[in-house]
Amino acid sequence: MADMLLERGNRKFTVTPAGEHFYKKSLILTAEFEKLCREDSQIAHGKDALSGPR
C-alpha cells in the first residue's frame with residue numbers, strides 16, 4: 001500500500017484522509033461479508049436467503 005493511513009507522533013497518532021477513507025470502506029465491506037455469511041447459512045438450512053423459508 002503506497003499511502004500512509006496514519007501519521008504518528010511521539011505517543012499519539014492521527015488518521016490521514018486516506019486512512020479515514022480506508023476505515024469507512026472497511027466498515028462497508030465487513031457489513032457486506034457478515035450479510036453474505038448469514039445468507040449462506042440460511043441457504044444451507046433450506047431457506048431462501050431473500051424471501052424466507054421454502
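Predicted model: local features only at pLDDT ≥ 70, side-chain atom pairs only at ≥ 80, totals over all residues.

Reply: Residues are numbered from 1 along each chain as its sequence is written, and side-chain values use heavy atoms, with hydrogens and water left out.

Me: Why is Leu6 called partly exposed?

Reply: Buried means under 20% relative accessible area, exposed means over 50%, and partly exposed is in between (1.4 Å probe, protein chains only). Leu6 has 41%, so partly exposed it is. Glu20, at 36%, gets that label too.

Me: What makes Lys24 and Glu20 a salt bridge?

Reply: The rule wants a side-chain nitrogen of Lys or Arg within 4 Å of a carboxyl oxygen of Asp or Glu. Here the closest N and O atoms are 3.9 Å apart, and the pair qualifies. The structure holds one salt bridge. Both residues sit in helix H1, four residues apart, about one turn of the helix. An α-helix has 3.6 residues a turn, so residues three or four places apart point the same way.

Me: How do you know that H1 has a span close to the expected one?

Reply: The expected span is 1.5 Å times one less than the number of residues. H1 (residues 17-44) has 28 residues, giving an expected 40 Å, and its first and last C-alpha are 41 Å apart. Just after H1, Gly46 takes a positive phi of about 80°.

Technical notes:
Helix = DSSP H or I, 4+ residues; strand = E, 2+ residues; numbered from the N terminus.
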